[in-house]
Amino acid sequence: CTDIPGSFKCMCNIGYTGSGLTSQPCTDINECLAEPCRDSNSLCINTNGGFLCKCNSSFSGSGFEAGGCIPIDQCEHPTSAGVFAGIAIGSFAVGGLLVFVVMTSWARHSRLSGSDHETGTRGHASATTTANMTTSEA
């Protein structure tokens, strides 16, 4: 409100409606109801005393005028979905490689351990044979 000689005058700020008096307080105008964004790839967002025209997620630029929202080059700027897909594929490949290494190592260990268990401990059998041969020859 502004004082004027013998009275006062109240007025709401731009983007608000009402008289500014307690009987008619200033309230925000929803500018988005008038569809001010001119680009079909944009979204109007009402703010206190104004509005924004935000381009949709795969566009950049300004939605205030037609043709203002420009498609983002997905090869140059991959979306989060593309990044997550790359991480998932990479994780799968690393997991597969890890399983392969573990299985190969386990198979090699099983082959080496399996021959010792089938014939008994080879070290003792060889020592016994050598001892018998030495005793026989003597």
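Cys44 is found in strand E5. In this predicted model, Cys44 pairs with Cys32 in a disulfide. The protein has 138 residues, and 12% of them count as buried. Five disulfides are present in the structure.

**Cys44 and its surroundings**
- Cys44 has 22% relative accessibility, so Cys44 counts as partly exposed; the buried class ends at under 20%.
- Beyond residues up to four places away in sequence, Cys44 touches Cys32, Pro36, Cys37, Phe51 and Leu52.
- Cys32 is the disulfide partner of Cys44, and Leu52 belongs to a nonpolar surface patch.
- Lys54 is ten residues from Cys44 along the chain, and the C-alpha atoms of the two are separated by 6.4 Å.

**The Cys32–Cys44 disulfide**
- The sulfur atoms of Cys32 and Cys44 sit 1.9 Å apart.
- The torsion about this S-S bond is -80°, and the link of Cys32 and Cys44 is left-handed.
- Cys32 lies in the loop between E4 and E5 while Cys44 is in strand E5, so the pair ties together parts that are twelve residues apart in sequence.
- Cys32 counts as buried because its relative accessibility is 17%, whereas Cys44 is partly exposed at 22%.

**The Cys37–Cys53 disulfide**
- Cys37 and Cys53 are joined by a disulfide with a sulfur separation of 2.0 Å.
- The torsion about the S-S bond of Cys37 and Cys53 is about -95°, so this disulfide is left-handed.
- Cys37 is in the loop between E4 and E5, and Cys53 is in strand E6 (residues 50-55), so the pair ties together parts that are 16 residues apart in sequence.
- Both ends count as buried: Cys37 has 16% relative accessibility, and Cys53 has 8%.
- Cys37 is also among the residues that Cys44 touches.

**The Cys1–Cys10 disulfide and the overall pattern**
- Cys1 and Cys10 form a disulfide with their sulfur atoms 1.6 Å apart.
- The torsion about the S-S bond of Cys1 and Cys10 is about 90°, so the disulfide is right-handed.
- Cys1 is exposed, with a relative accessible area of 67%, but Cys10 is buried at 16% relative accessibility.
- With bonded cysteines counted along the chain, the disulfide pattern is 1-2, 3-4, 5-7, 6-8, 9-10.
- Cys75 counts as exposed, at 76% relative accessibility.

**Ser19**
- Ser19 is in the loop between strand E3 (16-17) and strand E4 (27-28).
- A relative accessibility of 17% means that Ser19 counts as buried.
- The Ser19 side chain reaches the backbone nitrogen of Leu21 at 3.2 Å.
- Setting aside neighbours within four places in sequence, Ser19 is in contact with Cys10, Met11, Cys12 and Gln24.
- Cys10, one of these contacts, is bonded to Cys1.

**Surface**
- Leu43, Ile45 and Leu52 make up a nonpolar patch on the surface, with about 250 Å² of accessible area together.
- Leu43 has its place in strand E5 (residues 42-47), the strand that also holds Cys44.
- The accessible surface of the protein totals about 10,800 Å², and 63% of it belongs to carbon and sulfur atoms.

**Overall fold**
- Two helices and eight strands make up the secondary structure.
- The elements run β-β-β-β-β-β-β-β-α-α from the N terminus on.
- Among contacts with a separation of 6 or more, 16% are between residues 24 or more positions apart.

Definitions and conventions: Residues are numbered from 1 along each chain as its sequence is written. This is a predicted model: local features need pLDDT of at least 70, side-chain atom pairs count only at pLDDT 80 or more; totals for chains, interfaces and linings use all residues. Side-chain values use heavy atoms; hydrogens and water are left out. Patches are made of residues with over 30% relative accessible area and no salt bridge: like charges are joined within 9 Å, nonpolar side chains (Val, Leu, Ile, Met, Phe, Trp, Tyr) within 5 Å. Accessible areas come from the Shrake-Rupley method with a 1.4 Å probe; for residues, only the protein chains shown count as cover. A salt bridge is a side-chain nitrogen of Lys or Arg within 4 Å of a carboxyl oxygen of Asp or Glu. Helices (H or I, at least four residues) and strands (E, at least two) are DSSP runs, numbered from the N terminus. Buried means under 20% relative accessible area, exposed over 50%, partly exposed in between (1.4 Å probe, protein chains only). Contact means heavy atoms within 4.5 Å. A polar contact is a pair of N or O atoms within 3.5 Å; within protein, one must be able to donate a hydrogen and the other to accept it, and residues adjacent in sequence count only if both atoms are side-chain atoms. A disulfide is a pair of cysteine sulfur atoms within 2.5 Å.
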